[in-house]
Structure formats: C-alpha cells, structure tokens
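Dear colleague,

Please find below the structure that I am handing over to you. I would be grateful if you could read the notes after it with the model open.

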Amino acid sequence: MELDALKTAVPGSVMKQGAPVPGIQADVMEDVNQDGRDWIVHQCCDLIGDAMEMYLGTAVLFVIFLGHCSCDCLSGTYGFQCGYRCHCLPGHCHSTSGCDPGKCSPGWSGATCHKQNVALKKGVSSSGDAVYAPSTDARYPSSLATDGQLGERKYYDCIETRASNPNWWRVDLDDIMMIHDVTVYFRLDYTPRRNGIQVYLTNTTITPSGHFCYTVKANTSGTDINDILSVPCHGRGRYVLLYTTTATEENTQPKMDFCEVEVDVCDPGTFGADCENYCHCKHGVCNDMTGVCPPGGCLAGCKGTNCSVECVGNVEYGPDCGRTCFDRMCKEAASTCPRDTGRCDGGCEPGWEGEDCT
Ligand SMILES: [Ca+2]
C-alpha cells in the first residue's frame with residue numbers, strides 16, 4: 001500500500017509508531033499512526049518536501065514519491081504553480097488551500113497569512129525615553145513598540161517617551177519596502193496622548209520628512225480614537241515615523257505612550273486589504289492594493305483583471321486562458337490539459353506538432 005511504500009522508500013527515516021522522525025512535524029507523525037488514504041493525500045506533500053531536504057539530489061526517490069502522492073507542491077508551498085509559501089504554524093499548511101484560517105506564524109496575519117509585519121523586532125529611535133530618578137535607564141523603552149508583545153496594553157507594556165517638543169518615535173525597516181498600511185496599538189489605561197500624533201513614511205532620518213500619511217485627530221481625552229488604529233500609509237519607504245507637537249492638558253510638552261506599531265506589507269503576488277487575494281502577473285508583481293498587474297498580462301494558466309482567476313480545468317489554457325483544450329490534436333483523446341501549457345499526453349495526431357499539438 002502507499003503508506004508502506006513511503007515508509008520503505010526513504011532510507012534511514014523508518015517511521016516507528018509514535019516515534020518522531022527528524023524533520024517531520026510531530027502532529028504529522030500522530031496522523032501516521034492513523035494510516036489510510038486520507039493521510040496520504042493531505043500529508044504526502046510534507047513528506048516529499050522533508051525527504052527532499054534530507055536526500056537532495058536523489059531524483060529516483062522523487063519519482064517514487066510522485067507515483068504515490070496526489071499532490072503537486074513541495075512542503076511549505078501551495079497554490080498556483082506552487083508559487084506561494086505558507087506562513088503558518090507547523091502542521092497547518094495545505095498544498096491546495098494554503099494555511100488554515102487563524103493559524104499564521106508570528107508576524108504574519110490576514111485570512112491567508114500573506115500580510116507581514118515588517119516592523120517586528122526592528123530597530124527603533126526616539127526623541128528620548130522617559131526615565132525615573134534615581135535610575136538613568138529608560139523604564140518603558142521605545143523598543144517595546146516593536147517587540148511583538150501586547151500584554152494588557154497598560155503602562156508597563158508600552159513605551160513612554162521623555163517630554164519634549166517635538167516628540168517622535170521611528171522604526172527602521174532596514175530596507176526600502178512597499179508599505180501597505182500601519183497599525184498602532186494604543187495604551188488602554190491612559191488615552192489623552194493619542195491626539196495629535198502624525199504618521200510619516202520616509203527614507204531619511206530627518207524629523208519630520210517624507211510622505212505624510214495621517215494625523216490622529218481626537219478629543220483632548222483621546223476617547224474617540226480606536227484602541228487599535230489602522231492608519232492608511234501606502235507607499236515605498238524605509239522608516240515609519242510617529243511625530244507630535246501636541247501636549248496634553250496635564251503636560252506642558254508632548255509625550256507618546258503607545259504599545260506596538262505594526263508596519264504591514266503584502267507578500268509578492270498578493271493584494272487587498274488583508275493581502276488575501278492572489279495575482280499571477282506575467283511581469284513582476286501586482287499593485288498590493290488594487291491587484292493590477294504591470295503591462296504584459298497574465299502568466300499562462302490564468303486570466304482576469306488581476307490575473308487571479310485560473311483557467312477552467314480541461315476547457316481552456318495558456319496566456320489569459322486564450323486557448324481551447326478541445327482544439328488540440330492530441331493522439332490520446334483523454335489527454336489531460338494543463339492550464340499553463342495545454343501539453344498533450346502521449347504526443348500528437350499525425351501531421352500535428354508542438355507540446356499542445358496545435
Ligand atoms: Ca509591544
């Protein structure tokens with residue numbers, strides 16, 4: 001049976017009941033014990049990928065595996081031409097559908113786990129961190145806003161800058177990136193410092209500079225601003241700057257005290273509010289907001305304004321799905337019709353040539 005064949009086809013990776021195999025996830029091993037076709041279909045890809053990593057270059061193994069598996073993509077990849085990488089927790093990536101909902105890896109979000117917080121753990125600067133004598137160390141340092149931790153979002157989980165005018169905080173993304181949006185997680189136990197914060201996307205360390213994105217316009221108590229504020233801030237930049245000259249009624253000079261700033265980008269080949277849609281452009285990647293492809297149309301095998309629609313299986317194929325499977329002169333009448341090439345199994349009728357026999 002297939003499972004037994006898989007077990008014996010990988011030298012050195014004998015799967016004992018309940019014993020984990022190096023490189024294969026523990027939860028997959030639990031499924032091994034269940035035996036059966038369903039496991040073969042859903043976990044086969046993971047096994048192939050892991051085996052390939054262990055025995056790179058052993059092409060024979062690959063062929064053996066393909067003979068026993070009904071999947072297309074190697075471990076961790078899925079979707080159109082296996083061109084998408086799963087960014088989900090171990091055991092939650094499927095070769096056809098991608099990640100299970102809500103099971104994204106840390107730093108990734110969205111329904112398909114293709115939205116990445118590129119500010120996570122990145123370096124920060126500020127106009128100064130608050131210190132409380134007799135210590136001279138920052139008690140609530142600026143780095144708390146990119147540590148990936150939210151806690152209870154009270155003062156001890158959040159940054160606190162030293163009073164100054166102007167007052168600013170900046171994250172360095174290390175590279176110029178196409179930013180999709182910015183999300184600010186505000187402190188929950190004190191809200192007046194939300195008002196007046198400006199958000200910039202910039203390529204310099206001049207404060208302020210670059211592309212102005214947004215100003216938080218709140219009442220003086222800050223209670224009319226969402227605790228988690230999604231800020232439209234789309235464009236290319238290396239630094240995201242939060243900047244203010246607005247003091248509260250309690251302070252003569254401004255301070256800031258938010259808990260986390262996420263700077264989100266879409267994975268290449270995805271677009272939309274949550275980077276949840278796919279585009280398969282022929283040249284380059286689509287616009288991360290609209291999904292519009294650069295000039296040149298779609299990769300062979302898909303169609304539509306965003307090149308997000310795959311050709312109808314066994315009906316159409318080729319660039320923009322412009323060719324018809326029925327028109328091919330395949331020797332085998334029951335030949336498959338790959339969406340990208342339309343290649344005929346077993347060659348062409350006499351007098352016809354080309355992989356799709358047209
Ligand atoms: Ca934090």
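The notes below cover two sheets, two cis peptide bonds and two residues with positive phi.

The model is predicted: local features need pLDDT of at least 70, side-chain atom pairs count only at pLDDT 80 or more, and totals for chains, interfaces and linings use all residues. Residues are numbered from 1 along each chain as its sequence is written.

Sheets

Strands here are DSSP runs (E, at least two residues), numbered from the N terminus. Two strands are taken to pair if DSSP finds at least two bridges between them.

The antiparallel pairing of β5 with β6 (residues 115–117) runs over two bridges. There, S109 has K115 of β6 as its bridge partner.

Four bridges connect β7 and β8 in the antiparallel sense, and V124 stands opposite V171 in β8.

Cis peptide bonds

Where do the two prolines at cis peptide bonds lie? The bond from A133 to P134 is cis, with omega near 10°, and P134 is in the loop between β7 (123–126) and β8 (167–179). The bond joining T207 and P208 is also cis, with omega about -15°; P208 belongs to the loop between β10 (198–202) and β11 (211–215).

Positive phi values

Two residues other than glycine have a positive phi. For exposure, other C-beta atoms within 10 Å of the residue's own are counted: 20 or more make it buried, 12 or fewer exposed, and values in between partly exposed, with C-beta atoms placed from the backbone.

D174, in strand β8, has phi near 75°. It counts as exposed because it has 11 C-beta neighbours inside 10 Å.

N314 has phi near 60° and lies in the loop between β18 (309–310) and β19 (316–317). With 13 other C-beta atoms within 10 Å, N314 is partly exposed.

Yours sincerely
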